[in-house]
Structure formats: structure tokens, C-alpha cells
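This report covers side-chain packing and pairing in one protein model. The sequence and structure come first, and the text follows.

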Amino acid sequence: MSRVRSFPLDLDVKHLAPPEKVIVGATAFVVWVKDANSETDPHNLGALKVDENLHGSMKAVTSLRSFDLYVTAEPSATTDQPSGEPLLRTNVEMKSTNEK
């Protein structure tokens with residue numbers, strides 16, 4: 001039986017405007033992951049928690065080793081599909097522990 005590994009993600013973003021000031025009607029910044037090696041739909045990892053100093057953070061886990069991570073402003077933190085263009089985007093490639 002193969003074991004699915006989980007990889008922790010710790011995301012910190014500074015100098016965020018409140019979501020409603022970025023997109024009219026938005027209430028949350030949602031973090032998405034999409035498998036970089038397939039045509040699967042993006043997965044909602046959750047919402048950034050934004051404090052009074054405009055610092056957003058979240059902790060999550062994923063089983064993906066290669067993925068696109070992006071943030072959108074959404075009307076609901078629990079939406080199942082992004083509704084707008086990404087505000088932040090990066091590609092993550094995790095190396096094997098055997099790779100240097």
C-alpha cells in the first residue's frame with residue numbers, strides 16, 4: 001500500500017489591502033493550489049487571515065509536490081472556484097529529499 005505524503009505550507013503576505021478595497025463585494029483572500037502536472041481544477045486551501053497591520057497568513061497541507069499557488073479576492077472564503085484574476089501567484093516545485 002502506498003502512503004500519501006503531506007507537505008506543510010506556511011504562507012505569509014505583507015501589505016495587503018482589505019479584500020473589499022481590492023474587488024467590490026470581496027470578503028476574503030482565498031488561497032488556491034492547482035496541480036502543475038495535470039488539468040485538474042484548482043483546490044481552495046482556505047482564506048488568508050488578515051490582521052489590523054495588513055499582514056495575511058495561513059498554514060495548510062497539500063499532497064502535491066509540484067503546483068501553482070495563487071490568491072484571489074472572493075465574495076466567500078468557502079467558494080469552490082476562483083472568480084477573478086489571481087492577485088498573487090507562484091509555482092512551487094518540491095525536491096525529493098534525495099535531490100541536492
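Asp-10 and Lys-59 form a salt bridge through their side chains, at 3.1 Å from N to O; the term means a side-chain nitrogen of Lys or Arg within 4 Å of a carboxyl oxygen of Asp or Glu. Asp-10 belongs to strand β1 and Lys-59 to strand β5, so the pair ties together parts that are 49 residues apart in sequence. The structure holds one such bridge. Strands (E, at least two residues) and helices (H or I, at least four) are DSSP runs, numbered from the N terminus.

The model is predicted: local features need pLDDT of at least 70, side-chain atom pairs count only at pLDDT 80 or more, and totals for chains, interfaces and linings use all residues. Residues are numbered from 1 along each chain as its sequence is written, and side-chain values use heavy atoms, with hydrogens and water left out.

The table lists relative accessible areas; buried means under 20%, exposed over 50%, and partly exposed in between (1.4 Å probe, protein chains only).

| Residue | Relative accessible area | Class |
|---|---|---|
| Asp-10 | 52% | exposed |
| Lys-59 | 66% | exposed |
| Ile-23 | 40% | partly exposed |
| Leu-48 | 7% | buried |

The largest nonpolar core has 16 residues, and those touching the most other members are Leu-11, Phe-29, Val-31, Leu-45, Leu-48, Met-58 and Leu-69. Two or more residues each come from β1 (7-13), β2 (28-35), β5 (56-62) and β6 (66-74). The most come from β6, which gives four. A nonpolar core is a set of buried Ala, Val, Leu, Ile, Met, Phe, Trp, Tyr and Cys residues joined through side-chain atoms within 4.5 Å.

Leu-48 sits in the loop between β3 (43-47) and β4 (49-50). Beyond four places in sequence, Leu-48 is in contact (heavy atoms within 4.5 Å) with residues including Leu-11, Phe-29, Val-31, Met-58 and Val-71. Phe-67 is 19 residues from Leu-48 in sequence and 18 Å from it in space, C-alpha to C-alpha.

For Leu-69, again leaving out residues up to four places away, the contacts include Leu-9, Leu-11, Val-31, Trp-32 and Leu-88.

Ile-23 lies in the loop between α1 (19-22) and β2.
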